[in-house]
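The sequence and structure come first.

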Amino acid sequence: MAVSRPWRRRAALVVALLAVPAAGMVPAQAAGPSAPVAPGLARLLSAVTGTAGVTALVHADDVATAERAARSAGLTKITSFGKIGVVAVRGTADQVRAVREAAGVTYVEGNEKLKAHGSAGTTATRSLQTQAQLKDAGGAPVDGRGVSVAIIDTGVDPTHPAFKGADGKTRVVRNLKSLCLDGTATNCIVDVPTSVDTDTLSLGGHGTHVTGIAAGNRLTLTDGTKVGGSAPGSKIVSVSTGAALLVLGTDAALNWVLENHKAPCGAGVAASVCPPIKVTNNSYGPSGGGAFDPNSATVKLQRALAAEGVVTVWANGNDGGDGSANLSNPPGQDQTPGVLSVASFNDQGTETRDGTVSDFSSRGLKSSQSSWPDVSAPGENILSSCRPTQPICTQGLQPKNGPGLLDLATYNVISGTSMAAPQITGIVAQLFQVAPNASPAEIEAAIKGTAYKFADGSPYVAAGPYTSSFDKGTGLVDTFAAAKSLGAQG
């Protein structure tokens, strides 16, 4: 069973850069013979002195004309784009103003700053709003505190700044490694010090990125970008099964959670230090989806977990589809309340709630509602914790530094339902904080009953007590509405 590796199927989505000048890109017409100038360059020229250094792109009908105009204005050529008649130049602001008057120049634009088309996803889900505006019964912010989340994946880097607690220690309270080659006994799950990076040992990276989406700290990176997961107040239990996930290893991890969720750090450790596990994240599965097998060990384990108060979250898969076949991750199709399968939503990098279903997100069979995903969450171009030493982090092509000056390339953008599932995992932790005695069925009902009905994709139809669709489930998760429905104050 292979990790749900989005870069294998979605390399084109991993990087999408978008220029965003505040006034748009409609050329501002100048008086007289001057060539039009892009709004961003116009603002720059109006704000600097004539001798200030400026980089610009000069357009003409052909590159020879553009280069001749640049020389006549005293500008220095950097490079040219011969097939579109553009030359890149540098010079003073006055020289750039002058080139607008040169014969044949049709347009001049600046060297605009680019914004990465990626986000943490927590605005679209309203998880961030919930953290900021709602309180639990004790008056604490709803950030997942009092709950541990179990991430079954390639591992985690506990030393990453995303997981540093207020006390300076890692919020990874239990760091485990599955060495299971057969069976589901938990004696093949071994302890690893919480200072050890099991993700790099596995030649992974997937697990650290996923963990940051579920539970990463709210931080501001060196370029001002905001990052953070759904439940930054939660504690983390990581079970590393290695980069090559196999059913026996992951089932052994689920079994460990089943046997230890009430006291994951041992009976002698207070819940205030190491809270009970209330949710597991499972961002892996077979390629191509397949039929649900109620007799599998995985299903028996997740049903036992639900009976003991633990929610199981699955990535629905990265196989796309059109509803003519069931491509959903098999164990996620379990209709047991408290087992959730998550489709990927694209918030366009703007955190919009009226985005689209990711085209890579696996669809269920249109005629079989039991194969449909339960809910959608942002999974496309998601910015999260990722060390450059980890292989998956070399696939994300938007590395960002921070928050410290020495934290080089510690965040990156990756896509996949692997990234959508942990959004829900962290949100489940937030909801259990609000309603500690809720059952997994009540948590699922709160999520599905309040989901935002974004319009893209297949129409919603009646599906039990909800409306749903084969591509996006009941809609985009709405953390704020779900938390309010369970009694959050604010």
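**Salt bridges and burial**

K472 and D471 pair through their side chains in a salt bridge, with N to O at 3.6 Å; a salt bridge here is a side-chain nitrogen of Lys or Arg within 4 Å of a carboxyl oxygen of Asp or Glu. The model is predicted, so local features need pLDDT of at least 70 and side-chain atom pairs count only at pLDDT 80 or more, while totals for chains, interfaces and linings use all residues. Residues are numbered from 1 along each chain as its sequence is written, and side-chain values use heavy atoms, with hydrogens and water left out.

- K472 is buried at 0% relative accessibility, and D471 is buried at 3%; buried means under 20% relative accessible area, exposed over 50%, and partly exposed in between (1.4 Å probe, protein chains only).
- The whole structure contains twelve salt bridges.
- D478 and R126 form a salt bridge at 3.0 Å, N to O.
- This pair links distant parts of the chain, 352 residues apart: D478 is in the loop between β21 and α13 (479-485), and R126 is in the loop between β6 and α6. Helices (H or I, at least four residues) and strands (E, at least two) are DSSP runs, numbered from the N terminus.
- Both D478 and R126 are buried.
- A network of salt bridges links R126, R353 and D478.
- D94 and R97 form a salt bridge in which the closest N and O atoms are 2.7 Å apart.
- D94 and R97 are separated by about one helical turn, because they are three residues apart in helix α5 (residues 93-99).
- D94 is partly exposed at 44% relative accessible area, and R97 is partly exposed at 29%.

**Nonpolar cores and a buried serine**

- The largest nonpolar core has 54 residues, and those with the most contacts inside it are V311, V342, I424, V428, I443 and I447. A nonpolar core is a set of buried Ala, Val, Leu, Ile, Met, Phe, Trp, Tyr and Cys residues joined through side-chain atoms within 4.5 Å.
- Helix α11 (residues 417-434) gives the most to this core, with ten residues.
- I443 is in contact (heavy atoms within 4.5 Å) with V311, V428, L431, F432, A438 and L486, leaving aside neighbours within four places in sequence.
- S376 is in strand β17 (residues 375-378) and is buried, with a relative accessible area of 0%.
- Not counting residues up to four places away in sequence, S376 touches V342, A343, F345, F454, K472, G475, L476 and V477.

**Pockets and the cavity**

- Spaces are found on a 1 Å grid over the protein atoms alone: a cavity is a set of points where a 1.4 Å probe fits but cannot get out, and a pocket is an open set with protein on both sides within 12 Å along at least five of seven lines; lining residues have an atom within 4 Å of a point.
- Grid points are joined across faces, edges and corners, and a volume is the space filled by probe spheres set on the points.
- The largest pocket holds about 430 Å³ of space.
- Its lining has 23 residues, with G118, S119, T225, K226 and V227 closest to the centre.
- The lining of the largest pocket divides into seven nonpolar, ten polar and six charged residues. Ala, Val, Leu, Ile, Met, Phe, Trp, Tyr, Cys and Pro count as nonpolar, Asp, Glu, Lys and Arg as charged, and the others, Gly among them, as polar.
- The second largest pocket holds about 260 Å³.
- Of the 19 residues lining the second largest pocket, Q335, D374, E444, K448 and Y466 are closest to its centre.
- α12 supplies the largest share of the lining of the second largest pocket, four residues.
- There is one cavity of 30 Å³ or more, and the largest cavity has about 60 Å³ of space.
- The 13 residues lining the largest cavity include G212, G228, G229, L383 and S384, the closest to its centre.
- The lining of the largest cavity has six nonpolar, seven polar and no charged residues.

**Backbone geometry**

- The peptide bond from G402 to P403 is cis, with omega near 10°, and P403 is in the loop between β18 (382-385) and β19 (411-414).
- A409, a residue other than glycine, has a positive phi near 50° and is in the loop between β18 and β19.
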